[in-house]
Amino acid sequence: MPLRSARERFYQTISLELGGLLLAAPLCALVFGKSAQASLALVLAISVAAMAWSPLHNTVFDWLDLRLTGRTASERPHGLRLVHAASNEVTSTFVTVPVIMWIAGLAFWQALALDVTLTLFYGAYAYVFHLAYDRMRPIAAMVVPVPF
């Protein structure tokens, strides 16, 4: 089974994040009437907070799955993968909402609404991004054999 190289995966991730920042920051500026610079700082801080949270969430989820089922993450069925993804998004609000409140000076419900909106936006954006990326840079053109 072919995979993308580490270099290609890095390029894909950076492209996804930069594109997301460039799309989300102006939208935040427009909706909240803030400067583009302030909106970019807010979206970047949310991104960093979410990226800091995800490894901890993933480790705990993987540990629980292993303890309860004896199954590794690579053996996880599709339904549980959906639960994993949803639980990551839901629990990340405990990290990102306070960041939004602090940086944007928003009340809790406003910060929560912004967080949910950005989560939905990024989910849709990531779907479209990866669909386009896979078509523009197909894996068959850059095959790296799986080491196992």
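In the protein chain, 64% of the contacts with a separation of 6 or more are between residues 24 or more positions apart. Keep in mind as you look around that this is a predicted model.

Let's start with the overall layout. The protein chain has four helices and two strands, and reading along the sequence gives the pattern β-α-α-α-α-β. Taken along the principal axes, the C-alpha atoms fill a box of roughly 50 × 40 × 20 Å. The protein chain has 148 residues, and 28% of them count as buried.

Now for the empty space. Rolling a probe the size of a water molecule over the atoms shows where empty space is left. Here, the largest pocket holds about 740 Å³ of space. Helices α1, α2, α3 and α4 are the elements that each give two or more residues to its lining. Which of them gives the largest share of that lining? That would be α2, with eight residues. In total, 23 residues line the largest pocket, and those nearest its centre are Glu 17, Ala 50, Asn 88, Glu 89 and Tyr 122.

What kinds of residues make up the lining of the largest pocket?

| Kind of residue in the lining | Number |
|---|---|
| Nonpolar | 10 residues |
| Polar | 10 residues |

Next, have a look at the largest nonpolar core. This core has 13 residues, and the ones touching the most other members are Leu 42, Ile 100, Leu 106, Leu 114 and Leu 118. The elements giving two or more residues to this core are α1, α2, α3 and α4.

Which residues is Ile 100 in contact with, leaving aside its neighbours within four places in sequence? The list is Leu 42, Ile 46, Gly 105, Leu 106, Ala 111, Leu 114 and Asp 115. Leu 42, Leu 106 and Leu 114 from that list are also among the core residues that touch the most other members.

Finally, go to Glu 8, which sits in helix α1, the run covering residues 6–32. Is Glu 8 buried or exposed? Buried means under 20% relative accessible area, and Glu 8 has a relative accessible area of 7%, so it counts as buried. Its side chain has a partner too: a polar contact of 2.6 Å joins the side chains of Glu 8 and Arg 137.

Definitions and conventions:
Residues are numbered from 1 along each chain as its sequence is written. This is a predicted model: local features need pLDDT of at least 70, side-chain atom pairs count only at pLDDT 80 or more; totals for chains, interfaces and linings use all residues. Side-chain values use heavy atoms; hydrogens and water are left out. Buried means under 20% relative accessible area, exposed over 50%, partly exposed in between (1.4 Å probe, protein chains only). A polar contact is a pair of N or O atoms within 3.5 Å; within protein, one must be able to donate a hydrogen and the other to accept it, and residues adjacent in sequence count only if both atoms are side-chain atoms. On a 1 Å grid over the protein atoms alone, a cavity is a set of points where a 1.4 Å probe fits but cannot get out, and a pocket is an open set with protein on both sides within 12 Å along at least five of seven lines; lining residues have an atom within 4 Å of a point. Grid points are joined across faces, edges and corners, and a volume is the space filled by probe spheres set on the points. Ala, Val, Leu, Ile, Met, Phe, Trp, Tyr, Cys and Pro count as nonpolar, Asp, Glu, Lys and Arg as charged, and the others, Gly among them, as polar. A nonpolar core is a set of buried Ala, Val, Leu, Ile, Met, Phe, Trp, Tyr and Cys residues joined through side-chain atoms within 4.5 Å. Contact means heavy atoms within 4.5 Å.
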